[in-house]
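Subject: The structure I promised you

Hi there,

Here is the structure for you to open on your own screen. Have a look at it first, and then read on for what turned up.

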Amino acid sequence: MSTRFSFQLAATDGKARTGSIQMQRGTIQTPAFMPVGTAATVKAMKPEAVRALGADIILGNTYHLMLRPGAERVAKLGGLHKFMNWDRPILTDSGGYQVMSLSDLRKLTEEGVEFRSHIDGSKHMLSPERSMEIQRLLGSDIVMAFDECPRADRPRDEIASSMELSMRWAKRSRDSFDSGEEHAARSALFGIQQGALDEELRKISAEKLIEVGFDGYAVGGLAVGEGQEAMFGVLDYAPEMLPQDRPRYLMGVGKPDDLVGAVERGIDMFDCVLPTRSGRNGQAFTWNGPLNLRNARFAEDTDPLDSRCECPTCASYSRAYLHHLQKSGEILGAMLVTEHNLAFYQSLMKAMRGAIAGGMLAGFAADFRRDYLGSS
């Protein structure tokens with residue numbers, strides 16, 4: 001496949017869309033959920049198993065990989081795909097969110113962010129140019145512009161100032177990305193809309209990003225503690241501010257019911273640590289809602305995790321055995337529940353793609369909420 005980047009819409013249903021992204025390393029069916037491979041691994045999973053569950057793309061973390069093992073080292077070893085044995089597309093975040101969360105370890109200026117490593121205290125500088133360089137060294141397929149992500153509860157003038165800074169950084173990210181001609185010829189660059197919960201700031205941000213021009217656009221600054229109602233309130237208008245013919249990516253989301261609501265509002269791509277983190281902590285997602293496998297009620301339950309799931313975990317292991325593994329702290333417990341959770345997320349995305357194509361998303365969403373949340 002020689003296509004650098006192409007997004008094709010196949011069908012719409014209300015605001016919801018289904019389609020595909022064509023890239024040199026493969027096709028990404030949308031709406032898509034990207035498992036998070038923070039440190040060059042989707043925790044507790046082999047890459048081939050992640051692919052077998054239906055993932056077309058995974059996410060890597062610029063901040064963590066730049067600190068360990070180092071972007072230059074990954075490049076020397078053949079790039080992130082070879083390093084971790086994943087031959088499909090990889091999206092890398094810019095590192096901005098992680099750096100911004102280190103409020104007591106960083107100094108923000110127009111140039112970028114100076115910070116100290118949470119690992120060994122060493123000093124680093126991350127700027128739009130350095131973020132683009134790191135993502136190029138990693139060999140990322142979808143590169144994210146460098147941005148700042150303030151808390152939604154900050155004063156409006158602080159959020160506005162932060163958004164404007166992110167838009168200046170977006171232009172510098174674009175210029176730096178384009179200067180790496182070989183990487184730019186086979187990868188894509190996404191801009192990130194900011195503005196927290198303020199519709200006017202979101203509009204200004206979208207206009208500035210469109211003026212620069214990106215292959216895709218992310219809705220950033222959500223899923224940072226504002227709650228689902230506030231998040232959906234922003235998604236009622238924010239996606240439509242972005243180009244209709246480009247993918248829209250909601251960063252860091254989320255719970256299964258978040259995904260359904262966001263797809264209804266026009267989002268095409270997602271990532272979140274929840275299915276893997278929950279798998280390590282004994283929480284399983286099912287079509288009838290989440291289960292806490294450490295609960296004593298599962299100690300003698302011979303049913304599979306989810307009778308509607310066809311994943312290897314559900315085909316071979318009982319709730320009682322998974323309860324035992326979780327209570328015993330066995331590594332296999334984390335592996336099996338993570339496998340199921342990722343399978344569930346991919347099945348949910350596949351079901352929504354089919355519902356959109358058939359013009360039946362509203363009915364699907366109502367049935368999902370009835371079963372998953374116990375409501376309509």
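This is a predicted model: local features need pLDDT of at least 70, side-chain atom pairs count only at pLDDT 80 or more; totals for chains, interfaces and linings use all residues.

Proline 69 sits in the loop between helix H2 (62-67) and helix H3 (71-76). The peptide bond leading from arginine 68 to proline 69 is cis, with omega near 10°.

There is another cis peptide bond to look at, between threonine 30 and proline 31, where omega is about 0°. Proline 31 belongs to the loop between strand E3 (26-30) and E4. While you are on the backbone, take a look at alanine 40 as well: it is not a glycine, yet its phi is positive, at about 65°. You will find alanine 40 in the loop between E4 and helix H1 (47-52).

**The barrel**

Eight strands form a closed barrel with parallel pairing, in the order E4-E5-E6-E10-E11-E12-E13-E14. From one strand to the next, the twist averages 30°. Helix H6 (residues 128-138) packs on this sheet and touches strand E6 (90-92), strand E10 (142-144) and strand E11 (188-193). The direction of H6 makes about 160° with that of E10.

Tyrosine 217 has arginine 248 in E13 as its bridge partner. Helix H9 lies across E11 and E12, and runs at about 160° to E11.

**A second sheet**

Separately listed is an open sheet of three strands, ordered E7-E8-E9 and paired antiparallel. Its edge strands, E7 (106-108) and E9 (123-126), each pair on one side only. Direction ignored, neighbouring strands here are turned by 15° against each other on average. Strand E8 (residues 113-116) pairs with E9 over four bridges in the antiparallel sense, and phenylalanine 115 stands opposite histidine 124 in E9.

**Two helix pairs**

Two packed helices are described by the angle between their axes and the distance between the axes. Helix H7 (residues 156-179) and helix H9 (residues 199-212) pack at an angle of about 10°, with 10 Å between their axes. Angles under 35 degrees count as roughly parallel, so H7 is roughly parallel to H9. From H7, the residues that meet H9 include Ile159, Met163, Glu164 and Lys171; on the H9 side they include Glu200, Leu201, Ile204 and Lys208. By class, this contact of H7 with H9 has nine nonpolar, one polar and six charged residues.

The other pair is helix H15 (residues 331-357) with helix H16 (residues 361-373), which pack at about 145° with their axes 8 Å apart. H15 brings Phe344, Leu348, Ala351, Met352, Ala355 and Ile356 to the contact, and H16 brings Leu361, Phe364 and Phe368. What classes do these residues fall into? The contact of H15 with H16 has nine nonpolar residues, no polar ones and no charged ones.

**Empty space**

Rolling a probe the size of a water molecule over the atoms shows where empty space is left. The largest pocket has a volume of about 890 Å³. Its lining has 42 residues, and Tyr97, Gln98, Gly252, Asp271 and Val273 lie nearest the centre. Helix H5 (96-100), helix H10 (228-235), strand E14 (269-272) and helix H12 (274-280) each supply at least two residues of this lining. The largest share, four residues, comes from H12. By class, the pocket lining has 16 nonpolar, 17 polar and nine charged residues.

How many cavities of 30 Å³ or more does the structure hold? It holds one, and about 40 Å³ of space lies in the largest cavity. Gln29, Pro31, Ala32, Phe33, Gly54, Asp56, Gln346 and Arg353 line this cavity. Strand E4 (32-37) and H15 each supply at least two of the lining residues. The cavity lining divides into three nonpolar, three polar and two charged residues. Pro31, one of these lining residues, is the proline in the cis bond with threonine 30.

Terms used
Residues are numbered from 1 along each chain as its sequence is written. Side-chain values use heavy atoms; hydrogens and water are left out. Axes are lines fitted to C-alpha atoms, for helices over the stretch in contact, and angles run from 0 to 180 degrees between N-to-C directions. Contact means heavy atoms within 4.5 Å. Ala, Val, Leu, Ile, Met, Phe, Trp, Tyr, Cys and Pro count as nonpolar, Asp, Glu, Lys and Arg as charged, and the others, Gly among them, as polar. On a 1 Å grid over the protein atoms alone, a cavity is a set of points where a 1.4 Å probe fits but cannot get out, and a pocket is an open set with protein on both sides within 12 Å along at least five of seven lines; lining residues have an atom within 4 Å of a point. Grid points are joined across faces, edges and corners, and a volume is the space filled by probe spheres set on the points. Two strands pair if DSSP finds at least two bridges between them. Angles under 35 degrees count as roughly parallel, over 145 as roughly antiparallel, 65 to 115 as roughly perpendicular and the rest as oblique.
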